[in-house]
Amino acid sequence: MTDHPTLSPDTALNSARRTLQIEAQAIIDLSARLDGDFTRVVELLLACRGRVVVSGIGKTGHIARKIAATFASTGTPAFFVHAAEAIHGDLGMITRDDVLIAVSHSGSGQELLTILPVARRMGARLVAITGNPASELAQLADLHLDTSVAQEACPLNLAPTASTTTALALGDALAVACLEARGFGPEDFARSHPGGTLGRRLLTHVRDVMRDGAALPLVAEDAKLFTALEEMSAKGMGMTIVLDSSSKPVGIFTDGDLRRLIERHGDIRNLTVAQGMTRMPRSIGPDALAVDAARLMDEQRLNQMLVVDADGALLGALHMHDLMAAKVV
């Protein structure tokens, strides 16, 4: 190996394409090889009363960790146990109600071969994912899934590349099959990902984002425009809510209403807010999703929207800037 290797652009691209083609073909071959054992593994995972424990070591250990994470985020409770740590105490994490998935391309990793018999004596069910159906690991398991590959993408046929890709893809296939069988939907996914974009969109409700109480700009419908403008400036929503004598909202007065009033009347000093307000403003309930409120506001080209209860009583108000700050749009 030279100290300062050089590589032409064409050589790099050819190498990349060859790697991707080899790995893509390995997945296609894996797909054609799936049989009833895959279905039986899915049934075993769905019937699991405990957790799905995924274990491996080395490169396949990284794959096993990702498989466990995918299971956990898609409705199948799961966690990763490093095979080397398992034989030094972490095996105590596994119970008789669990399913242990051991991932090893060769099927001969000593750490996994050590923990599988112990897990079996504890009562856990065992699944092996290997590239060697005749391996000791495959023989020890209750069920085996074959991830063998014709060749690695590594030109030396040594570095785990195509083999780890197929193991990862198979883990995804298992997780998705379980997801579909459980009827796991977007709301379930959002609950597992409350910090992500989908979580915010599906878990954030209008009541979580709306302004209420002292933050609301409010005036009576007989208030002079000067009073309305003071309230608008103080609360910074670009509008004020207009209330009737029973404190029910009967309209809103916005910056746009002010411009239109000036165009029509010129001198507006003696006008009341009721003479220029927008009557029957659009509103939404507090339990609606914030993303639905944002969609309605966008469709109607609104910057503000009232929040009311089933009887029409005022609860709060939304501003498009608040929805943007909550990252639901």
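**Entry 1: the whole chain**

I began with the secondary structure: the protein chain comes to 14 helices and 12 strands. I note that this is a predicted model. I then looked at overall dimensions. The C-alpha trace spans about 90 × 55 × 35 Å along its principal axes. The radius of gyration of the chain is 31 Å, while a compact globule of 329 residues would have one near 20 Å.

Next I checked burial and surface. Of the 329 residues, 43% count as buried. The chain exposes about 17200 Å², and carbon and sulfur atoms supply 53% of that area. I also looked up contacts between residues at least 6 apart in sequence: 61% of them join residues at least 24 apart.

**Entry 2: the parallel sheet**

What is the strand order in the open sheet of 5 strands? I read it as E2-E1-E3-E4-E5, with parallel pairing. The edge strands are E2 (78–82) and E5 (143–146), and each of them pairs on one side only. From one strand to the next, the twist averages 20°.

I followed one pair in detail. Ile129 stands opposite Leu145 in E5.

**Entry 3: helix H5 on the sheet**

I turned to helix H5, residues 110–122, which packs on the sheet. H5 touches strand E1 (52–56), strand E3 (99–104) and E4. The direction of H5 makes about 165° with that of E3.

I checked the length of H5. At 1.5 Å a residue, its 13 residues should span 18 Å, and the end C-alpha atoms are 19 Å apart, so the two agree.

Which residues of H5 are buried? I found Leu112, Leu113, Ile115, Leu116 and Ala119. Their cover includes E1, helix H4 (83–86), E3, E4 and helix H6 (136–140). Just after H5 comes Gly123, which takes a positive phi of about 105°.

I moved on to strand E8, residues 249–254. Why do I call E8 largely enclosed by the rest of the structure? Because 5 of its 6 residues are buried.

I looked up its pairing on each count. Strand E7 (residues 239–243) is joined to E8 by 5 bridges, and the two run antiparallel. Thr240 has Phe253 in E8 as its bridge partner. E7 and E8 form a hairpin with 5 residues between them. In the turn, Ser247 has a positive phi of about 65°.

E8 also pairs with E9. Here 2 bridges join them, again antiparallel. Gly251 stands opposite Arg279 in E9.

**Entry 4: a loop residue, Thr272**

Where does Thr272 lie? I placed it in the loop between helix H12 (255–265) and strand E9 (278–279). Is Thr272 buried or exposed? Its relative accessibility is 18%. The cut-off for buried is under 20%, so Thr272 counts as buried.

I then listed its contacts, leaving out residues up to four places away in sequence. Thr272 touches Glu221, Asp222, Ala223, Lys224 and Leu225.

Notes. Residues are numbered from 1 along each chain as its sequence is written. This is a predicted model: local features need pLDDT of at least 70, side-chain atom pairs count only at pLDDT 80 or more; totals for chains, interfaces and linings use all residues. Side-chain values use heavy atoms; hydrogens and water are left out. Two strands pair if DSSP finds at least two bridges between them. Helices (H or I, at least four residues) and strands (E, at least two) are DSSP runs, numbered from the N terminus. Axes are lines fitted to C-alpha atoms, for helices over the stretch in contact, and angles run from 0 to 180 degrees between N-to-C directions. Contact means heavy atoms within 4.5 Å. Buried means under 20% relative accessible area, exposed over 50%, partly exposed in between (1.4 Å probe, protein chains only). The radius of gyration is taken over C-alpha atoms; the globule rule is 2.2 Å times the number of residues to the power 0.38. Accessible areas come from the Shrake-Rupley method with a 1.4 Å probe; for residues, only the protein chains shown count as cover. The expected span of a helix is 1.5 Å times one less than its number of residues.
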